[in-house]
Structures are given as structure tokens and as C-alpha cells.
Amino acid sequence: MRQIFAGVALLVPLAAAAQGHIVVSSDDRWQQFVCPDGRMVSMQLDAVVGTARVIDSGTMKRTLFRAVDPVAAKGLAGTRYVAGQLTLTLLPGEIAWHQRPLAAMRCPAVAAGPGVLTGTATYLQRMALPPGSRLTVTLADVSLADAPMKVVATTEVRPGLNQVPLHWLIRYDPAKVPPRGMTWAVSARLVDAQGKLRFITDTRVHVIEDAAAPKPVELVMVAVGR
């Protein structure tokens with residue numbers, strides 16, 4: 001089981017992303033992106049020389065990507081960077097991550113402000129994920145103790161060869177953040193290729209206490225009896 005990556009996050013303003021730009025920090029901070037297979041890609045752009053330093057949480061290796069067209073590499077959407085079998089393309093508010101011969105993935109940026117909740121899901125057992133695993137993370141209203149939870153949003157992670165901790169990102173409508181006296185919680189469940197439940201969170205993790213800047217959440221799952 002690998003260690004959780006503790007990188008320095010750059011929260012990407014949504015307004016800048018909407019203009020078709022990926023923000024290039026002037027003080028060498030890192031931007032982070034969460035991919036559908038549970039990896040986190042941390043990227044540091046150098047628009048002057050046309051390079052991108054990247055740390056992939058799946059391998060924990062630091063890789064130097066070079067722009068296909070260094071002259072045009074100004075941190076704009078559409079710029080492509082390559083490193084061996086890997087291609088990274090900047091898109092508005094996200095990146096396309098392509099590791100040949102696998103299909104490309106779109107990885108959204110960890111964005112500042114309300115409407116985005118991020119975190120990791122892991123377990124304490126020293127064992128690999130079952131082949132073909134699928135992780136589902138659910139954000140729900142659990143205010144009423146004697147009523148079923150009301151699902152607000154979900155996301156699914158298909159880790160492939162990646163191992164825990166798996167990174168996840170959920171988007172929600174900030175206008176629906178519960179008022180005082182109501183509670184939102186996040187939970188996770190992991191099934192194998194046959195759909196059999198293998199791991200699940202057994203406690204409620206309350207979230208979005210600060211709706212303007214929700215904090216990352218670490219979910220620890222327990223094994224389900226066989």
C-alpha cells in the first residue's frame with residue numbers, strides 16, 4: 001500500500017478555466033487534477049520554456065513533459081505535452097491524460113470554492129485491490145435519523161492497476177448546501193468485478209461544514225465478511 005501524496009495544491013479559479021486557460025502560477029505552485037481511475041496528477045507548468053513537471057500518484061514518479069510546440073506553450077487550453085508514451089493536453093478546467101495504448105482520460109482540476117468536494121478512499125489491510133474493482137463515493141443528506149439518506153451526488157472510480165489510496169472528486173450544487181440543523185455525509189463502497197461488496201465505510205463522515213471552502217475528506221473503509 002503506497003503512502004498518500006502530500007503535494008502543494010494550487011486551486012484553479014473557475015473564472016479563468018471558463019476563459020479557456022489553465023492558470024500558470026508565477027511562483028511555481030502546483031495544480032492538481034483527479035482522474036477517473038483514482039490517480040491524482042500534480043502539475044507544475046513552465047510556460048517560458050514549454051515544460052510541465054508532473055507527479056502521478058499512481059507511480060509517485062516525477063516526470064518532465066515537453067510541449068509539442070514550445071513556442072505556443074503559454075498555458076493555454078489545447079497545448080499538448082509529451083513524455084514517452086504519455087501525452088498531457090490542457091483543457092478548460094481539466095487535462096486529458098493519455099497513456100498509450102490505453103484510452104485517454106479527462107481529469108478535472110481541484111478547483112477553489114464551493115461546488116467541489118475531493119478526498120481519498122483507502123483501507124488498512126495490506127492487500128491489493130481486487131481485479132476489476134469499482135469504487136462509488138456518495139454525498140448524501142443524512143439529517144433524518146429515522147429516514148433513508150437522500151443522495152445529493154455520486155462519483156465512480158475505476159482504478160484499473162492503481163492501488164489505494166484512491167482519489168475522488170464530487171461536484172454538487174452549492175445552492176443546496178444544508179442549512180444549520182441539517183447534515184451532509186459522504187460514504188464509500190468498493191465492489192469487485194462480479195459486483196460483490198468487498199469494502200465499505202462503516203461510519204458517517206460529515207462534510208461541508210464550511211460551504212465556501214469544503215475540506216478534503218479521507219475515507220477509511222473496512223472489509224466486508226466473506
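The protein chain holds 1 helix and 16 strands, with helices (H or I, at least four residues) and strands (E, at least two) taken as DSSP runs and numbered from the N terminus. This is a predicted model, in which local features need pLDDT of at least 70 and side-chain atom pairs count only at pLDDT 80 or more, while totals for chains, interfaces and linings use all residues. Residues are numbered from 1 along each chain as its sequence is written, and side-chain values use heavy atoms, with hydrogens and water left out.

On confidence, pLDDT is the predictor's own score for each residue, from 0 to 100. The mean over the protein chain is 82, and 81% of the residues reach 70 or more. Where pLDDT is low, the predicted coordinates should not be read in detail.

As for the chain as a whole, 46% of its 226 residues are buried; buried means under 20% relative accessible area, exposed over 50%, and partly exposed in between (1.4 Å probe, protein chains only). The accessible surface comes to about 11900 Å², and 55% of that belongs to carbon and sulfur atoms (Shrake-Rupley method, 1.4 Å probe; for residues, only the protein chains shown count as cover). Of the contacts between residues at least 6 apart in sequence, 53% join residues at least 24 apart.

Now to the sheet. Eight strands make up an open sheet in the order S1-S2-S3-S4-S5-S6-S7-S8, with antiparallel pairing; two strands pair if DSSP finds at least two bridges between them. Strand S1 (31–34) and strand S8 (105–108) sit at the edges with a single partner strand each, so one side of each lacks a neighbour in the sheet. Neighbouring strands are turned by 30° against each other on average, direction ignored (axes are lines fitted to C-alpha atoms, for helices over the stretch in contact, and angles run from 0 to 180 degrees between N-to-C directions).

Arginine 53 of S3 is the bridge partner of glutamine 44 and stands opposite leucine 64 in S4. Isoleucine 55, in turn, faces arginine 62 in S4. Of the 6 residues of S3, 5 are buried, so the strand is largely enclosed by the rest of the structure. Alanine 52 belongs to this strand and is buried, at a relative accessible area of 0%. Leaving out residues up to four places away in sequence, alanine 52 touches Met43, Gln44, Leu45, Thr63, Leu64, Phe65 and Tyr81. Arginine 80 lies 28 residues from alanine 52 in sequence and 10.0 Å from it in space, C-alpha to C-alpha.

Both hairpins around S3 have 4 residues between their strands. In the turn between S2 and S3, glycine 50 has a positive phi of about 75°. Methionine 60, in the loop between S3 and S4, has a positive phi of about 65° although it is not a glycine. At 37% relative accessibility, methionine 60 counts as partly exposed. Two cis peptide bonds also turn up: arginine 100 to proline 101, with omega about 10°, and valine 164 to proline 165, with omega near 0°. Proline 101 is in the loop between strand S7 (94–99) and S8, and proline 165 is in the loop between S11 and S12. Most residues other than glycine have a negative phi, and most peptide bonds are trans.

That leaves the cores. A nonpolar core is a set of buried Ala, Val, Leu, Ile, Met, Phe, Trp, Tyr and Cys residues joined through side-chain atoms within 4.5 Å. The largest one has 25 residues, and those with the most contacts inside it include Leu135, Trp168 and Met221. Elements giving two or more residues to this core include strand S9 (116–123), strand S10 (134–141) and strand S16 (217–223), while S13 gives the most, with 4 residues. Beyond its neighbours within four places in sequence, leucine 135 contacts residues including Ala121, Val157, Leu166, Leu190 and Met221. A second, separate core has 19 residues, among them Val41, Leu45, Leu88 and Cys107.

Definitions and conventions
Contact means heavy atoms within 4.5 Å.
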